[in-house]
Number of protein chains: 2
Amino acid sequence: MTALPSELLTDRYQFTMADSYLAEGTADGRVAFELFVRELPPRRGFLMAAGLAQVVELLVGLQFADESLRYLQSSGTASEALCERLATLRFDGDLHAVPEGTAVAAGEPLLRVEGSRLLCQLVESVLLNQTNFQTLIATKAARLVIAAAGRPVVDFGLRRAHGADAGVLAARAAYLGGCTATATVAAGMLWDIPTVGTMAHSFVMGHGTELAAFEQLLRDKPADAVLLIDTYDTVNGARVAVEAARSTGIRPRGVRLDSGDLDVLSRQVREVLDAGGLEQTAILASGDLDEYLIAGLVESGAPIDSFGVGTALVTSSDAPALGGVYKLVESDGRPVMKMSSGKATLPGRHQVFRNGGPDVIGMSDEELPGRALLEAVLVAGQPVRPLPTLADSRSYAAQELAALPSRTRDLFNPSPLETRLSPQASALKELLT
Amino acid sequence: MTALPSELLTDRYQFTMADSYLAEGTADGRVAFELFVRELPPRRGFLMAAGLAQVVELLVGLQFADESLRYLQSSGTASEALCERLATLRFDGDLHAVPEGTAVAAGEPLLRVEGSRLLCQLVESVLLNQTNFQTLIATKAARLVIAAAGRPVVDFGLRRAHGADAGVLAARAAYLGGCTATATVAAGMLWDIPTVGTMAHSFVMGHGTELAAFEQLLRDKPADAVLLIDTYDTVNGARVAVEAARSTGIRPRGVRLDSGDLDVLSRQVREVLDAGGLEQTAILASGDLDEYLIAGLVESGAPIDSFGVGTALVTSSDAPALGGVYKLVESDGRPVMKMSSGKATLPGRHQVFRNGGPDVIGMSDEELPGRALLEAVLVAGQPVRPLPTLADSRSYAAQELAALPSRTRDLFNPSPLETRLSPQASALKELLT
């Protein structure tokens, strides 16, 4: 694929402003920005923070290629003076962030970036792009996992994801959020995520008969064949699966239902399998599932052992965007705030303290009881310590999820995670209003 | 960013099936797949085909890197025999496609891929991933352009797009669909798309006073400054813009409203600007706009000159996924079809003929009146001719849009583009049912 110049993953106005900062001599002033979500998407009681690993990678790797600089200058996007400055620009600022997998509330900073005005402004767009997306998907995955109530949920979404990056990052965020595996091979390779695969309808259609297709797959994958039984007629497909198990002497690990009324069909299929001696063969359901449908299937007692989810997971289809924002909170040591109607921000640098009750949003130099959620990740551009592995972040995410009140985990009408301002944060806000 | 092994942008089951095809000796059998959308998303009367350029790039560049092969084998995803085969695999098949920018109906093939079973099956996931997304966004862009009724619409969506690839591909598809520009600089460089930029709230907040910020930007960008006037109070911001124009002697090219009641505010701002001698200063509106809100603003006569659209455009928020499918239609010269309930496919290789009335879906070897929409793009892996430039595709897309019946362009309750089967296609379907 065309190589993407990641240093240009930014909005043009960042260069417009950078040119002004240079011209007026304020480019090197120290500023702080915080990234947070003003309002939770509909039906969400919490967000699961994700994307930090990619944010760190982008910041540490920030560098303007010659070709990018030539484009910026020839297109009039950046002045020659700015391009000269960009040629040696590296991320030498500080980054604080909540660890991936942390459950966060509306208004709580996920990231804080501090450094020169020029630098912090330029990275806004890509930090939002990466954090918004993975947080959106990790949150959706957590909801699916809640709905499945212990049954594995796997990511089948590559074909409906918004491009290549979305495909693999959705797989990553889904795994972080509690999914057990992905079908996307590239994500398996990049982050050591377990991958799973069954068979496509085309495989059945290409074999003349369903029986021939099932026999072939059982022989080729005797340990873990999952037979797709809905190409022609699902219940008959289950009978054919039994027949194939008999003729080959190999029991399928599972059968997959990908269409129709999954509640009714799974019961019929279970009967056919059990009667045919395939009590150990699991039923995997897929086909436009989401957390609401899964919760319904689980509640009705449909004998489904695991769920494959595509579109709803990788696009977070009922809430397909996260409105994270990146707001200036301090400029040359002075706290600042924005007051647009409905879009006011909290001035100053913040820390979030979690201590059993509502989270307390305090100032970064306060010492309040509880766990401080924002941790130093980069100091003067250098990593403070290695980031946790994805597997470790996934374990932490599971703890975070388990620690949430059940009313916050509710899928339909949750009580959102609560926050309050510390007296100091509150006083500063009043002072500037 | 981590380099993405694009040859592994596929679902694991593709390798599972490939192994079976190798084992049974059918990997080299010739097959045909067609990519189409079963049902239009809600409120859509047509789709605008997009993503072909990326599809061609991926197919022509298909090659398995050593590292990818090592992963496939060590993870048990592919056998040693399959990996040996993959090491020399290139796309040597045929690709037919409707040109980017073509208006298409449900059920009409956007692509047809022919070649060995092994090859055609492996590329399924990435072809769907790329075609679904860009078609989704080009269609959304076309709807926004219809709503704006001649006023420019620009893409502001990078920060809400689903990752890096989504950010730039959305900008590309938006431009194809009729948007006039993007804020995403990388997309400007990659495809020569005009970029635009204004200023952020942080620029205003970092300057102590709004007046100082506006004066600075006017001096730095005298030809094309667009002042963001809603940081504190929008109407007062318009007064400050007038004051800045007076103090600097430079008229802003535009002002931008990014929050509040855009209908009411745009009228108040227009009055302030006109009274202040800034009759030529345009009003750009943004802030969670979509085609429905834009149509309302246009209908009410709000004096808005152009629209910036982010989230709704780059995520197609009211319909965030396109359900394109890739179905086997021919196997070893024999037409095949799938009959799952509600998911039946048309057997055989098709062509679409457009001749004024409903499109006719016929067989690929039929010669029917009208324009044949599917064109040969790759033959035996080689490009038949250079693809059109994005600018040319955009002009063609505009013609396609203009040629649609107004009832099909309707944003709320459209009459979908109609199709019928040719007698031959119909007879083949009956024969196999």
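Reader: Let's take helix 1 of chain B: how far apart are its end C-alpha atoms, and what span should its residues give?

Author: Happy to, and keep in mind that this is a predicted model. Helix 1 of chain B covers residues 12-24, and at 1.5 Å a residue its 13 residues should span 18 Å. The end C-alpha atoms are 19 Å apart, which agrees.

Now for its surroundings. Eleven of the 13 residues are buried, so helix 1 of chain B is largely enclosed by the rest of the structure. Buried here means that 20 or more other C-beta atoms lie within 10 Å of a residue's own. The buried stretch starts with B:R12, B:Y13 and B:Q14 and takes in B:F15, B:T16, B:M17, B:A18, B:D19, B:S20, B:Y21 and B:L22. Just past the helix, B:G25 has a positive phi of about 75°.

Then there's the other copy.

As for where the chains meet, 86 residues of chain A are in contact with 86 residues of chain B. On the chain A side, helix 1 (residues 12-24) of chain A gives the largest share, nine residues. That side divides into 37 nonpolar, 35 polar and 14 charged residues. Finally, 99% of the interface residues of chain A are also interface residues in chain B, so the copies meet through the same surface.

Technical notes: Residues numbered from 1 in each chain as written. Chains lettered and ligands numbered in written order. Predicted model: local features only at pLDDT ≥ 70, side-chain atom pairs only at ≥ 80, totals over all residues. Helix = DSSP H or I, 4+ residues; strand = E, 2+ residues; numbered from the N terminus. Expected span 1.5 Å × (residues − 1). Buried ≥ 20, exposed ≤ 12 C-beta atoms within 10 Å, placed from the backbone. Contact = placed C-beta atoms within 7 Å. Nonpolar A, V, L, I, M, F, W, Y, C, P; charged D, E, K, R; others polar.
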